[in-house]
Amino acid sequence: MRPWRDILDQLNKILEQENLVKPKHWQELYQKFFPSYGNEEHQIPDLKSCNVNCLSQIVLEAVRSLKQESHVVVYVENLQWMDDLSLALMTSVILHQESVLFIFPLRNNYRKEVANFVNSVGHYNRLMTINLRPFTFDQSLAFVKHQMPNNDLDSRVLQRICTESAGNPLFLTEYIKQIQQNLKINYLPQKIKEELEFSIINISDIQRRILQIISFFRTAAPVYMLKSLLDMSDGDMVDGIYDLERQGVLQEFIIADDISVQFCQKKLQEYIYSEQAPSRIRVIHEEIAQLLEKQVENESDEELLSRIAYHYNLANQELKSLDYELSYLQITLKFQHELFPIYNESRENLVDMQPIEFEHEFERFKKVGQRMKAIEHQYEGSSDYQHLLMKYLYLEGRYLINRGNYGQGINNIQRVIVKAKNYHNDRYLVKGYRQMIYYYIQTDNATDMENYIDLAMDISIKSNDHESIGILLRLKGLYNLMIGNLDEAEELSRESITIFSISNDSKEKYSSNIAAAYDYLAEIQRLKENYAQAVIYQKKAIQLCEEIGLNNSLVIFYVDMGVSLFAKREYEAAMSYFKKANKLYANLTSPWKRTQLNVYQALIELKNGNLDNVVNYFIIVNEQLENITNPRDMGLIYLLRAIVKHLLAVKAIQNEDLERMLQQSEEFYFEKAQDNLNQYRDVYELKYLDEIFATV
């Protein structure tokens, strides 16, 4: 009854100050129920046995007397903590008078008795509810700027303050005070801690233990995991979670058929977590990581791998954390830098990242490199660390190669090969060999490519690795294509398709590799001038990748289809596939086939007489020239230059911009094209170049 004693103490003082006539028996009754008035020595009676109606009449008589002189407003702070008898009295007073305005600030997490009070007075239209929601981000921003109009805050600090406060005016005010006092911003200062603790002051020990464990989870905590982590009965846990949900502390939802719970207020989670001992933090995080590890069936669930890495990191298990972090990044990054990837994931996961997402993930990758460097001295002699370093160097190396940084990328891969040999890690040895093969494909070096194919094939055969053998057969087919052995190339490509098509499951898993083999078969037919058959094979490759959305591979096949249609003299159809490739390239970082795409589009625009568009393509390929290491790409650029220069020379076309861009003679560009194009793979291009020079 303390809230009512405070209210009536103030009412009594006002009645005395205003010299109002005291209600009949006012002093006697007031002193009986609240002995602090008049005689401090009186003991408080057993108020549970008091007559609420009698107390109600006292209050009503007092406020009626006071209303004769002024308006009465009663403000009751923290209604959620009011005891049951006080609530009963409040209900009676509100329902029996209309002259006093009561204001009750009330949190969401109130108990059943308070809910009954709200429902009762609301039922008789004696209550108006105003929901005060947190500020939006823009409102928080405006609030801060209004409080500090002359303070030119860094935009990142402003954003952090608004995000951390979650729109809570008290939190915003505390952060503003810290800035005004030139203090380093503490996002969990004492005042906010006190407020957060006060918000859960009424929870039980069991409920607090539940909150402590849930605070360890980065997002939501699955209930089945809480059962393993909490030392309590299922009944106590379920009841505790239910009560915390009812109080608005936790919220429950279903993720992948598992019930999970998380804090409604992120700042409360941070506070609960921060109050726990460092030793306990390490132990619990390790327990969570070990529970999550049991769910790993294969390294294809990137979210699960990321969560394990997170918990091992906070458990101070750095090597395990880095291992899982790299496994996570290997999945998220491979869509962009593996030309024909092998997928274990379900179809809905086969989505390419946008460039901005990719850059974000690569920033995360660079941070892993910094962590690796930081522990190098501590773990340098550890074989676990060396295997982890292999994994990191391999991932970084193939990214760098794909982005055109061949020098550093190849250096990484060579380090992987040396370490794999030293530590007898055949898996990474074959991976290293394969990356060297891809590099020599990009640089059109058939001789060195063959050497690494043979090395990788020996290991794959010894270990009976059918997956690796299938890939290497395809690559050996490509090698033969590069040196002009078309029949051998065709046979090896078909063998690769056979290995990867043993079952429907394997066919889906290796779709991009099967499609790549069809792409090589299409190229072989194009070299044999069987353009119609080349288009048929190209359609098979495209269909396989379109079915499961393998855009990084699909863009290659769109370009090659366009080339086959160009050779078939179906220029409009060719341009339609080039446009499809352009749309995909807008969201990809891979440089594969970009030069070929731009050169062929320029040739079509040249045929159509759209010289302004040709100029634009010249600008694009000239920008690409600095980063080109593949002589075939260089040859294509010189082919375009030779053809345009020749047409300008014979007055078949006229354009000042093109004249200005082409200062050398047509013979110079012609010879450069011939020197750089591959005599076996670029037969059509060389023939086309000769035809242009011969017919115009």
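1. On the basis of the values: the model is predicted, so local features need pLDDT of at least 70 and side-chain atom pairs count only at pLDDT 80 or more, while totals for chains, interfaces and linings use all residues. Residues are numbered from 1 along each chain as its sequence is written, and side-chain values use heavy atoms, with hydrogens and water left out.

2. On helix α6: this helix, residues 137-147, has S140, L141 and V144 as its buried residues (helices are DSSP runs of H or I, at least four residues, numbered from the N terminus; buried means under 20% relative accessible area, exposed over 50% and partly exposed in between, with a 1.4 Å probe and protein chains only). Seen down the axis of α6, these buried residues fall within an arc of 100 degrees, taken from the directions from the helix axis to the C-beta atoms, so they line one face of the helix. D138 and H146, on the other side of α6, are exposed. The buried residues of α6 pack against α7 (155-165) and α8 (169-180), where contact means heavy atoms within 4.5 Å.

3. On the cysteines: with a disulfide taken as a pair of cysteine sulfur atoms within 2.5 Å, the count comes to 0 disulfides. C162 counts as buried because its relative accessibility is 4%, whereas C264, at 40%, counts as partly exposed.

4. On S564: this residue lies in helix α28, residues 551-567, and counts as buried because its relative accessibility is 0%. Leaving aside neighbours within four places in sequence, S564 is in contact with R526, A534, V535 and Q538.

Note on methods. Helix = DSSP H or I, 4+ residues; strand = E, 2+ residues; numbered from the N terminus.
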